[in-house]
There are 2 protein chains.
Amino acid sequence: IEQQHNKDLLLYLNDLHHADIAEIIDELDLDDATYIIKLLNSEKTAEVLMELDEDNREKVLSNLSAKEIADEIEEMDTDDAADIVAELSEEIKDQVIANIEDEEHAENIVELLRYDEDSAGGLMAKELVKVNENWSVTGCMSEMREQAENVTRVHSIYVVDNKQRLKGRLSLKDLLTAPSSAQISDVYIKKVDYVKVNTPGEEVARIMQKYDLEAIPVVNETGKLVGRVTIDDIVDFIKEEADKDYQMAAGISEDIEADAGILDMVKARLPWLILALLGGFVTVRITGNFEDAMTKYGVLFFFTPLIAAMAGNVGVQSSAIMVQGIANNTLRGSLIKRLLREIGLSLLNGLILAGILLLGSHFLLGQAYIIGVTVAISLISVIIIASTIGTVVPITLHKYGIDPALATGPFITTSNDICGILIYFTIAKFILGF
Amino acid sequence: IEQQHNKDLLLYLNDLHHADIAEIIDELDLDDATYIIKLLNSEKTAEVLMELDEDNREKVLSNLSAKEIADEIEEMDTDDAADIVAELSEEIKDQVIANIEDEEHAENIVELLRYDEDSAGGLMAKELVKVNENWSVTGCMSEMREQAENVTRVHSIYVVDNKQRLKGRLSLKDLLTAPSSAQISDVYIKKVDYVKVNTPGEEVARIMQKYDLEAIPVVNETGKLVGRVTIDDIVDFIKEEADKDYQMAAGISEDIEADAGILDMVKARLPWLILALLGGFVTVRITGNFEDAMTKYGVLFFFTPLIAAMAGNVGVQSSAIMVQGIANNTLRGSLIKRLLREIGLSLLNGLILAGILLLGSHFLLGQAYIIGVTVAISLISVIIIASTIGTVVPITLHKYGIDPALATGPFITTSNDICGILIYFTIAKFILGF
C-alpha cells in the first residue's frame with residue numbers, strides 16, 4: 001500500500017473512522033506514519049492524532065513544524081488541543097500557541113493548560129452552548145444555532161446571568177415547546193449539577209456516574225461558567241484510573257502499556273522489587289535471630305514461606321477492599337467499627353484455616369502434634385495482624401493525602417511478610433521454649 | 001424525621017435527586033425504607049429503586065406485592081425493568097409480569113430477560129427512536145415526536161427498512177435542516193456502528209469508548225434493530241468490571257461491597273486462602289526434602305521467605321500486564337516474542353537485584369560469600385521462571401475461554417512460591433553439594 005498510490009490510499013483512509021486509522025498508524029514505522037498524517041486533511045489528522053498512542057504521537061509531532069502542529073490544533077476541541085499542547089516541550093509549546101490563528105481558541109487552550117490534568121478544569125472543554133437568562137426564546141434560538149456550530153454534541157444548554165454565572169440549564173425539548181414570546185428565565189430549570197474547576201477527576205466521575213449525566217458544567221471560584229466535561233472523557237478517565245490502580249496493586253507504577261519500551265518497564269517495576277528485596281533482608285535477619293531453634297525444631301523453618309504467604313494474601317484482601325471503598329466513596333461508619341468487622345472476619349477465616357492446617361500438618365506432612373498447634377496458633381495471630389495492617393495502612397495514607405493504592409501490592413505483602421514471620425517465631429518460642 | 005410528618009417529608013424528598021434518596025434509604029432500616037418507598041409517587045420510586053444497593057432492593061421489594069412491583073416496573077425503562085425482574089424469584093417474577101398492564105412493555109421485558117446480562121442484549125434498552133427509510137421528512141417529524149415521549153435521551157435516530165433492519169442513522173441537525181419534501185432515504189447517514197445482541201459487554205464498551213459513542217444500536221441475527229445500549233449503562237459496566245478484576249487480583253471472588261455481610265465475605269475470600277494454604281503445604285514438603293542441608297547450611301532456610309516473596313511479586317507483575325493487555329485488546333505480536341521480552345526484562349531486573357543481594361547479604365547480613373552467590377544465582381533463575389509463569393498462565397487460560405483475571409493474585413503467587421522454593425533449593429544443592 002505504501003507505493004505512494006496517494007489517491008487510492010486517501011480514498012481508502014477517508015472511508016475509515018479516525019480511531020481505526022490511528023490503530024493502523026500505531027503499527028507503522030515513523031516515516032510511513034508521518035507520510036499518512038501529512039496526506040490526510042487537517043480535520044481528519046487532528047482526530048487521528050488524538051487517538052494515537054502517546055509515544056507514537058510524540059514521535060509523529062516531532063516530525064511536524066510548529067506551524068503544522070498549530071494547524072492541527074486549530075481543528076481540535078479545546079480539551080483535546082490542550083492535552084496535545086501539554087505533551088510538547090516548553091519551547092515548541094510556545095511556538096505552536098503563537099501560530100494558532102484563532103485568538104480565542106489559543107486563549108482557551110492557555111487557560112486549560114493552567115489546570116491540573118486530573119481535575120475538572122483539566123478534563124473540561126471550553127466548547128458549550130450557553131444562553132443568557134434575560135434573552136427571549138426567539139433571540140436565543142438563533143444565537144444557539146451559531147454556538148452549536150462549534151460544539152460536536154450539544155447535550156445541555158446552560159443558562160447564565162449577565163456576569164456569566166451559571167444559573168441553570170435548559171432542555172432542547174423545553175425550548176422547542178416554549179412560546180416564542182417567553183423569556184429564558186421563565187422556562188429554564190434552576191436545578192443543575194455542576195463541579196468546580198479544581199474538583200478532582202474521581203469526584204467528577206462519581207457525580208456523573210451517580211446521576212447518569214452525559215455532560216456536567218464547570219464553574220470557577222466565582223461561580224462563572226467556564227467549561228463542561230463530557231462523558232466520553234470521563235469514560236477514558238475511569239478506564240485509565242482503573243488500569244493504574246490495577247497495575248499499582250501488582251507493583252507496577254505508572255500506567256505502562258503492554259508494549260512499552262524495556263527501560264520504561266524496568267523503571268516501573270524494579271523499585272517495587274527492590275522494596276520487596278529489602279523486606280526480604282529483614283525477614284532473613286528475623287529468622288536468623290531464631291537460629292537456636294534449628295537444632296531441636298528445624299521443622300519450624302519449613303513453615304516460614306507458608307506463614308509469609310498467608311500474611312501477604314490476607315493483607316492484600318483487606319487492603320484491596322479498603323482501597324476500593326475509599327475510591328468509590330462507599331465507606332461508612334467509623335474506622336474502629338470497620339476494623340472490628342475485619343478482625344471478626346479474619347478470626348473466622350483464621351479458625352477454619354487453622355483447622356485445615358492442624359489436619360494437614362498431621363496427616364499430609366506427618367508433623368508432631370505440638371508443631372501443628374504452634375503453627376496453627378501463629379497462623380490465626382498472623383492473619384488477624386495482617387488484616388489489621390491491610391485495613392489501617394490505606395486509611396492512614398488516605399488521611400495524609402497519599403494515594404491509598406500505594407498500600408496494595410508489594411508494599412503490603414512485604415510488611416506483612418515481616419510482621420508475620422516475627423509473630424510466628426515469637427509465638428513458637430513462647431510455646432516451644434527454645 | 002420519621003415521625004410520620006408525611007407532607008414535610010414528601011416535600012423534602014421530592015426536591016432531592018433519586019440517587020440521593022437511594023443513598024438515604026440504603027442507610028435506613030427496612031421498615032423505614034419501605035415506608036418511604038410507598039410514600040413517593042410511582043415514577044420517583046421506580047428511579048429510586050434502580051439506584052438502591054442490590055441487597056436492600058431485594059428486601060424492599062419483598063415487602064411489596066406483585067401488583068405494587070408491577071406498577072413500579074411500568075414506570076421504568078425496559079433495561080432497568082428487566083434487571084429488576086431478573087432479581088426476583090421465579091414465582092414472583094411471573095406474577096409481576098402478569099400484572100404489567102402495558103402489554104408491549106411486558107413483552108419487551110420478557111425479551112430482554114432472554115439475553116445474557118453481560119451481553120449487548122442484556123445491557124440494551126428497547127426504548128429508541130427509529131424511522132423508516134421510506135418516510136418523508138415531514139411525516140417523520142410527527143412520528144418521532146411521539147416516539148421520543150418514551151425515550152429519556154434521544155442521542156441518535158436510527159433508520160430501518162420495511163423489515164425493521166438497521167440501515168443507518170440520522171442526526172437531529174440534518175433532519176431539521178432537510179427540506180420537508182425530502183425522503184428519509186435521501187438524508188440519512190449510511191455508516192452506523194452497531195453491535196449484535198450476543199456481543200459481549202466488554203466488546204460493546206471497547207467499541208463505544210474507541211469511537212466516543214453515547215449510544216449504539218443493537219441488531220439481532222437477521223439484522224433487525226432490537227434495541228440500543230446507552231453510555232450510562234456502559235459506564236456502570238466498565239466500573240463494575242474494573243472493580244471485579246481488582247478484587248480478583250487481590251484474591252476476592254465476586255464483586256463484594258465494603259459493607260457486605262460477613263458470611264458473603266468469608267465465601268469470597270476463604271477459598272483463595274485455602275488455596276494458598278494448600279500451596280503452603282507443598283512448600284513445607286519441598287523444604288523438608290532438603291532437610292539434610294540444615295546442619296551445614298542452615299542459613300539457606302532464612303532466605304526462603306525472601307525467595308518466595310520475589311517469585312510472587314515478579315509473577316504478579318507479569319500476569320497483571322498480560323491480563324490487562326488481554327482485557328484491553330492491546331496485545332500484539334506472538335506469544336514467543338512477548339515471552340522473550342518478559343524474559344529479557346526479568347534478566348535485567350534479576351541482575352540488578354542479584355547485585356543488591358550480593359552486597360546486602362555480605363555487608364548487611366554478614367553471610368559467607370558462597371551463600372550470597374548461591375542465593376543470587378537462584379534469585380535470577382527464580383525471577384525468570386516466575387515471569388514466564390506469569391506470562392504464560394493468563395494467555396493459556398484465555399485461550400481455553402477462562403477469565404485470565406483468575407490467574408492473578410493468590411493463584412500466581414502460590415504457584416510461584418512453590419516453583420521458586422523448588423528452584424532455589426535445587427540450585428543450592430547443586431552449588432553447595434549437601
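Helices (H or I, at least four residues) and strands (E, at least two) are DSSP runs, numbered from the N terminus. The structure is a predicted model, in which local features need pLDDT of at least 70 and side-chain atom pairs count only at pLDDT 80 or more, while totals for chains, interfaces and linings use all residues. Residues are numbered from 1 along each chain as its sequence is written, chains are lettered from A and ligands numbered from 1 in the order in which they are written, and side-chain values use heavy atoms, with hydrogens and water left out.

Most residues other than glycine have a negative phi. Q164(B) is not a glycine, yet its phi is positive, about 65°. Q164(B) sits in the loop between β2 (157–160) and β3 (166–170) of chain B. D212(A), also not a glycine, has a positive phi of about 50°. The loop between α14 and β5 (215–219) of chain A holds D212(A).

Chain A is assigned domain 1 (6–118), domain 2 (129–243) and domain 3 (262–432). These bounds come from an automatic or database domain assignment. The C-alpha centres of domain 2 and domain 3 of chain A are 50 Å apart.

Contact (heavy atoms within 4.5 Å) involves 102 residues from chain A and 102 residues from chain B. The copies meet through the same surface, because 100% of the interface residues of chain A are also interface residues in chain B. Buried area is the accessible area (1.4 Å probe) that two parts lose on being put together, summed over both. Between chain A and chain B this area is about 9,700 Å², and carbon and sulfur atoms give 61% of it.

Six salt bridges (a side-chain nitrogen of Lys or Arg within 4 Å of a carboxyl oxygen of Asp or Glu) cross the interface of chain A and chain B. One salt bridge joins the side chains of D20(B) and K210(A) (2.7 Å, N to O).
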